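Subject: Model for your files

Hello,

Please find the model below. My notes follow it, and they can be read with the structure open.

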Amino acid sequence: MTHDDASSTFSAGRSSAPLLTLHRCRASHTFFFAHKNCPFCGANLEEIDSQPDAVLVSHTTVRVSPTGTPFKLGLARVACGAQTLCIVEGEIGTVPGEEVVIIEKGGLYHAQPRKPR
Amino acid sequence: MTRIGRLDADLVAIAAEAARGVLSDTDLTLVSDIYIASFAPSELCGMTNPLRSLSHAIQTEFPRLRATYHGIFKTGGDALFTALGAMNGASSPREPGVVMVLGVEKMTHLPPAKTAGLLSQRENPHDRAYGATLPALGALVTRKYLEAYRVPESALHEVAVKNHENGSKNPKAHFQNTITKDEVARSPLVCDPLRRLHCAPTSDGGAAVLLGTSQGDVWYRGWGKGTDVPLFQEREDISRFAATAQASSLAREMAKIRTGDVDVVEIHDAFTSFEFINLEEMGFYTMGSAWRALEAGDLRINSSLAVNTSGGMKAKGHPIGSTGITASVELWEQLTGRAGVRQHRGARLGMIQSAGGVSNESYVFVVDSVS
């Protein structure tokens with residue numbers, strides 16, 4: 001099943017990155033995380049595909065981390081409302097709302113700017 | 001309550017000192033239950049059975065105690081909430097007499113990065129996989145909050161300045177120095193927009209309170225607990241703390257009070273933005289407006305609402321398992337007129353808000369002066 005409602009949100013149309021697999025209950029609560037049941041209503045979840053286009057809800061550069069290596073962490077939201085933590089790649093502005101593309105790498109989601117700076 | 005800060009004593013000795021502070025003048029035969037909180041005694045201090053070790057420390061100090069020990073609770077707020085519930089007849093199998101609630105933490109003996117790494121083991125594995133430490137998640141909340149409500153970053157500095165001012169009047173605070181907005185603004189970024197002087201330190205310390213069913217100096221008039229969705233990323237709005245709103249509503253309803261009745265509040269300010277968000281979620285201000293109250297001179301000692309008179313976690317310090325209990329001690333001092341130079345004039349009704357994680361769960365207590 002293709003969940004296709006990301007297309008109208010983004011200014012420059014869809015990216016060519018692979019679709020994301022999300023999880024949705026019949027009440028349309030949608031998640032990146034593969035819960036056994038919906039944490040809000042308890043219903044079964046089905047897998048859906050989503051466009052990888054997202055906006056950064058918030059982000060930070062983690063300068064003090066256990067590994068000692070700074071990295072950028074973000075929270076991204078796709079058009080259907082599902083959100084995920086993500087490693088942010090590339091240059092981004094300081095104001096939330098930047099358009100990004102979500103890509104899965106090594107079991108983690110990464111966000112890349114849609115418009116290179 | 002012990003001094004908060006970088007202490008030479010180990011976890012067991014800090015717990016014993018905190019217990020001495022309240023049990024030395026108490027009829028030990030009346031103490032029926034002891035609730036102990038410590039967030040990460042296994043990770044930070046290598047204790048394989050912290051309840052046994054800490055109860056042994058207390059029992060060694062007071063061998064005549066015949067109390068039942070409960071725990072280990074993660075936070076002081078958690079332990080206090082559970083103890084009050086038990087005393088209220090919800091779950092205690094026997095009639096409680098005097099109950100001691102003790103919180104303790106030892107954190108400063110390890111390098112900060114190692115402490116952060118060990119503490120992250122207590123966080124959600126999903127968040128940990130992304131390297132999402134508490135300051136990192138706090139920064140995501142803060143950036144979204146500043147943007148959503150158009151709160152200037154300088155307002156975060158002002159909270160730090162105010163809480164250090166209060167901490168400078170607290171002889172038990174970790175930091176007893178005043179700071180300027182300029183110093184806060186120039187302090188190094190930890191996770192932008194959070195700077196070092198926006199963040200509570202890691203601290204050592206312990207505190208204990210006694211609760212009884214007979215009349216004491218203050219009265220826990222209401223309490224409530226709230227929880228948010230388990231995964232941070234699934235919060236509908238990360239600039240809101242639903243757990244605090246829920247806990248506060250329950251506590252106010254139980255106590256039958258309005259926010260306008262409250263004189264003094266000890267509130268979770270692990271990051272200075274959290275002081276604003278928690279105040280707003282508790283209903284003292286509309287969302288995004290607490291900073292204007294601070295700018296207008298409120299939230300200070302002897303204003304209409306005094307917030308974090310102890311210095312808060314920011315300046316008093318943040319020995320995690322003990323923080324909720326240190327807040328309780330502060331309100332006891334405020335409501336009984338024992339707070340010395342940081343006494344808030346006419347303090348009669350107070351609230352405590354204590355949280356775990358990034359407000360994953362929140363505890364709120366309403367404390368009234370008996371007089």
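Two strands count as paired if DSSP finds at least two bridges between them. Strands here are DSSP runs of E, at least two residues long, and helices are runs of H or I, at least four residues long, both numbered from the N terminus.

This is a predicted model, in which local features need pLDDT of at least 70, side-chain atom pairs count only at pLDDT 80 or more, and totals for chains, interfaces and linings use all residues. Residues are numbered from 1 along each chain as its sequence is written, while chains are lettered from A and ligands numbered from 1 in the order in which they are written.

On confidence, the predictor gives the complex an ipTM of 0.90 and a pTM of 0.93.

Chain B, strand 3. Strand 3 of chain B covers residues 98-105, and eight of its eight residues are buried. Buried means that 20 or more other C-beta atoms, placed from the backbone, lie within 10 Å of the residue's own. B:V98, B:M100, B:L102 and B:V104 point one way from the strand, and B:V99, B:V101, B:G103 and B:E105 point the other way. Strand 3 of chain B pairs in the parallel sense with strand 1 (residues 31-37) of chain B, over six bridges; B:A37 has B:G103 as its bridge partner. Strand 6 (residues 205-211) of chain B runs antiparallel to strand 3 and is joined to it by seven bridges, with B:L211 as the partner of B:V99.

Chain A. This chain has zero helices and nine strands. Of its 117 residues, 36% are buried.

The interface. Contact means that the C-beta atoms of two residues, placed from the backbone, lie within 7 Å. By that rule, 24 residues of chain A are in contact with 28 residues of chain B. Strand 5 (53-62), strand 6 (71-78) and strand 7 (83-88) of chain A each give two or more residues to the chain A side, and strand 5 gives the largest share, six residues.

One residue in detail. A:T60 is in strand 5 of chain A. Why is A:T60 counted as buried? Because A:T60 has 27 C-beta neighbours inside 10 Å. Leaving out residues up to four places away in sequence, A:T60 touches A:L73 and, in chain B, B:A136, B:A139, B:L140, B:R143, B:C191 and B:D192.

Regards

How values were computed
A residue is buried if 20 or more other C-beta atoms lie within 10 Å of its own, exposed if 12 or fewer, and partly exposed in between; C-beta atoms are placed from the backbone.
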